[in-house]
Amino acid sequence: MIKAVMVMNTQGKPRLAKFFDFLPVEKQQELMRRVFGVLCSRPENVSNFIEAESIFGPDSRLVYNHFATLYFVVVFDSSENELAMLDLIQLLVQQTLERCFKNVCELDIVFNYSKIHTILDEIILGGQVLETRSTEIMRAVEEISKLEAATNAISFIPKSASSWLSR
Amino acid sequence: MGSQGGFYQSKEFLDLVKSIGEARSKAEEDRIVLNEIETLKRRISEPDIPKRKMKEYIIRLVYIEMLGHDASFGYIHAVKMTHDDSLLVKRTGYLAVTLFLNEDHDLIILIVNTIQKDLKSDNYLVVCAALNAVCKLINEETIPAVLPQAMELLAHPKEAVRKKAIMALHRFYQKSPSSVSHLVSNFRKRLCDNDPGVMGATLCPLFELIARDVNSYKDLVISFVSILKQVAERRLSKAYDYHQMPAPFIQIKLLKILALLGSGDKQASENMYTVVGDIFRKCDSSSNIGNAVLYECICCVSSIYPNPKLLESAADVISRFLKSDSHNLKYMGIDALGRLIKISPEIAEQHQLAVIDCLEDPDDTLKRKTFELLYKMTKSTNVEVIVDRMIDYMISINDNHYKTEIASRCVELAEQFAPSNQWFIQTMNRVFEHAGDLVNIKVAHNLMRLIAEGFGEDDDNADTKLRSSAVESYLRILGEPKLPSVFLQVICWVLGEYGTADGMFSASDITGKLCDVAEAYSNDETVKAYATTALMKIYAFEIAARRKVDMLPECQSLMEELLASHSTDLQQRAYELQAVIGLDAHAVACIMPSDASCEDIEVDRDLSFLNDYIQEAIEKGAQPYIPESERSGMLNISNFRNQDHHEASSHGLRFEAYELPKPAVQSRIPQTLIASTEIVPVPEPMYPRESYQTTMPSIPSDAGSAELKLRLEGVQKKWGRSTYTPATSTSNSTSQKTVNGTSQGDGASTVSSMRETYDSRKPQVEVSHEKQKLAASLFGGSSKTEKSPATGHKAAKASSHVVEKSHVPKSSLEVASEKATPAQQPPDLLDLGEPTATSTALQLDPFKQLEGLLDATEVASAVNGAPAASRSPDIMALYADTAAGIHNKNDADLLSGLSNPSVTNMPGTTAMPQVTQSSSKGPNPKDSLEKDALVRQMGVNPSSQNPNLFKDLLG
């Protein structure tokens, strides 16, 4: 089971945190801080795995990948495969986010916070990998996007445009 | 750019994100966020907020909470949003609540109804959103509310919905297996879903079910194998390919399931061989995901019934992994090797170099994985290298969690495979030096025991060498700054015990070092206590060897400091030391024989040495002892202690009536007998001090101290001073100069020896089988005793060997009997007063016991025959013995004279007329001397150091 997905930048600022078992906010913060502490002390060209038992308790493994200014971190237990989890990050970033945002960057992730959550919900549900076909994920997300765009166009755009201009 | 992906966000949010991103300090960031919280609080409660705005506020709240700030004021708004008709608003609401709330939150009750409704929606997107929420927000109590709808959705036309419904059901199973146990067959059915995605999702719950109960799913082996075969043969649509691999995530899950099903099942495993072999051949090892599948194959092969061909393929893949440049693959290779060596240990040989490379890799993760592999591979042939490496690594890391783990592994391996004791000691020294505060205190006790026991063979020479090398290494290590407390305790003990044993170092060398330790670690009372006791031993050995003792000035100043210490334990030790120095060589050799720490303490449980005195008293007209059960009325005082105990255990006033005196509980001394008490050679005023000291720090939760306090007041009023004073005067009158001069010290040492007996008992309990070995070695190696410089001591020791030999089986019996009577223990232990002896007198046949002392083989049976034998009599015996022992050295008659009076305190013995007939004080003085000496030798633990001590005894 996957325990958590975290995205943080190279300064340790959290960009996305999804814990599949509920944890209080303070605990989440502490875990992210500790993970960052380990991540930033890793030399280059080493493995993408970290012994995480001292942070997340027994039977926990951690896989991370570093893209530009962001660390993507997945924490899971022995029922998952490390290399496969690494590919899951790959799938999320390179095959999904890349397609959604074209040259995805840190700001895209911050600013489209709820969309990233939607994508993640399509891939992982309740801690289990649900979908690994990027086409399927994209299709599901597009469907929701379309709906949103439509709603915006119908009811909110005039108001929003005026408020936008008034600034 | 906000609307780039279609998810509209406002400029305000962008500004917020930007300003947070540009914040230079945490404080600045906090200020910005707090501002934002204020703004949101104000705005969110305004009436008639447009939905779009509301949605944005909620997203901002989620963001703020992710940054670690409290956004709970907005939870209710998120909940309200889930009720909205618009899908978008609803989705945002669901997203927010899944992130904000846990399944037991009060607000969940407001959502369950909405979820129920949404699960029935015609719009599958609404259903999906609700299922997402179900996975996160439903707990055991709310499962029944949504279970029917979730079940219906298993047959939903949309595959995305079916998949999510399966996950929801899986989640229910995780939360409360019993609530859906009747529905698990649905997972089997969904395995045949015509959509491979749904089938793949079903593997997740099935994996978990199979992991919990393999046997119920053996029938599915064929199905799983055929699915895996189809997947591997690319029968699924191209859409499932990932990096040219057909549905790799499904393959991995299937291989994991097969590994579970085939474990230890030859028949099931045979069905799997072909398909796993196929995957080994077909798998593309150039892509990451291909290697993931290959790794999973190795795991599967190493778990199922072994097949030589598959093992060969697995070994090939492992060597490819290990030779790869990728650290990830090396890591997987090491991990896979660790799995495979359990089945075919020989494959490790060919990868030796690769493993060594990984050990030196800068990648910490890889290094740790490799140490894990080495740990699994350790044999007696390679233990030295491996442990050496592990310690080197342990020294280099800072992570306490991992340091502790690796230290305990080092200890475990060293204890299991140590090629020599010398190596073991050196290894332990290194572990202690660098992780001393992280290792278990038991490890320190084991080390001390090992040094004391030596090789357990008749090779005294080797033992001496071992000890000399230990002493030498410790003297060297003491030069290092900042040693861990546990290690210093070991060092002090060993230096005290063996520092001067081989003549290499003079007493002033060792004592100087010990004083340095006590000074350098002056905050650590335990270490100071160890150092003081060690000093006492060194001086005692010097005196016993009839060498002139010159106390170093620093030692003297240390003693002065300790004599005035706030710690009563330290103070007492200092007084003891002072007392011992004042004694003559013979006395010291008796109480502090050198190298006697391994010898068992023989305890005269029935106080047979008092028989003469009892006889005499009865002849003089004293009343014989009446067991408590036979007494009535007149001695209400006898259950005094019981009451106290009750009071203490309830921690307060007691309101219910006191119960009647119980039979077979120790009684107080009948007051009538006190009249006949001429001398009580027991310095009673010492009790209060000692009892506070020992009981309070070691069992703070036990109410023993309160109990003691109450009782002791009684003691002092009734029998305290008045009886004590004559005791001293008697020893004066018999011209015992030394005794007189150190009477206070004697008292202290007596008491301390009692305490030390407790302490020493703990290791004894732990190692009773070790003791047997020790006994055997001691037995054969009687030459050791001959080395003893004190001639008087020789005899005592020799006899102790005899006793000990036959005593070995007894020790375990003692342990058993101790455990059998836990209820009675607390009062006994804490009650250091006189009446303790009676219980033995009541329960053991003293006659038999006495015989046992003479013919030690019988002791075992005697003790065995008395299951209720309690520990307490030991104390008494020791106590009287010490008194006897000290006086004995000059005048044997005096001994009897002195020990006899203490019989008055033992009404139990008086009651046994047959005791007198068999009275034979022959072995007793010897026994008592030796006992006391051993007690002091064994006393390596200061009382405060051993909080578990009483736990052991109390069961």
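**Figure 1. Interface between chain A and chain B in the predicted model.** In this predicted model, 73 residues of chain A are in contact with 80 residues of chain B. About 7,200 Å² is buried between the two chains, and carbon and sulfur atoms give 59% of that area. Between chain A and chain B there are 23 residue pairs in polar contact, both at pLDDT 80 or more. On the side of chain A that touches chain B, helix H6 (residues 134–166) gives the most, with 13 residues. By class, that side of chain A has 31 nonpolar, 21 polar and 21 charged residues.

**Figure 2. Salt bridges between chain A and chain B.** Seven salt bridges are counted between chain A and chain B. One pairs the side chains of A:Glu131 and B:Lys163, at 2.3 Å from N to O. A:Glu131 lies in the loop between strand S7 (128–129) and H6 of chain A, and B:Lys163 in helix H9 of chain B. A:Glu131 counts as buried because its relative accessibility is 5%; B:Lys163, at 4%, also counts as buried. B:Glu29 and A:Lys13 form a salt bridge through their side chains, at 3.7 Å from N to O.

**Figure 3. Salt bridges within chain B.** The closest N and O atoms of B:Asp335 and B:Lys369 are 2.7 Å apart in a salt bridge. This pair links distant parts of the chain, 34 residues apart: B:Asp335 is in helix H17 (residues 327–340) and B:Lys369 in helix H20 (residues 364–377). Both residues of the pair, B:Asp335 and B:Lys369, are buried. The side chains of B:Glu405 and B:Arg409 meet in another salt bridge, at 3.8 Å from N to O. These two are four residues apart in helix H22 (residues 400–417), so about one helical turn separates B:Glu405 from B:Arg409. B:Glu405 is partly exposed, with a relative accessible area of 25%, whereas B:Arg409 counts as buried at 17% relative accessibility. A network of salt bridges links B:Glu12, B:Glu36, B:Arg43, B:Lys53, B:Glu56 and B:Arg60.

**Figure 4. B:Tyr474 in the largest nonpolar core.** This core has 294 residues, of which B:Phe224 and B:Tyr474 touch the most other members. Beyond four places in sequence, the contacts of B:Tyr474 include B:Ile425, B:Leu447, B:Phe487 and B:Val494. B:Asn429 is also in contact with B:Tyr474.

**Figure 5. Surroundings of B:Val184.** B:Val184 is in the loop between helix H9 (159–175) and helix H10 (185–190) of chain B. Its relative accessibility is 19%, under the 20% limit, so B:Val184 counts as buried. Not counting residues up to four places away in sequence, B:Val184 touches B:Tyr173, B:Leu209 and B:Tyr217.

Technical notes
Residues numbered from 1 in each chain as written. Chains lettered and ligands numbered in written order. Predicted model: local features only at pLDDT ≥ 70, side-chain atom pairs only at ≥ 80, totals over all residues. Heavy atoms only, no water. Core = buried A, V, L, I, M, F, W, Y, C linked by side-chain atoms within 4.5 Å. Buried < 20%, exposed > 50% of the residue type's maximum accessible area, 1.4 Å probe, protein only. Contact = heavy atoms within 4.5 Å. Buried area = accessible area lost by both parts, 1.4 Å probe. Salt bridge = Lys/Arg side-chain N within 4 Å of Asp/Glu carboxyl O. Polar contact = N/O pair within 3.5 Å; in protein donor to acceptor, adjacent residues only side chain to side chain. Nonpolar A, V, L, I, M, F, W, Y, C, P; charged D, E, K, R; others polar.
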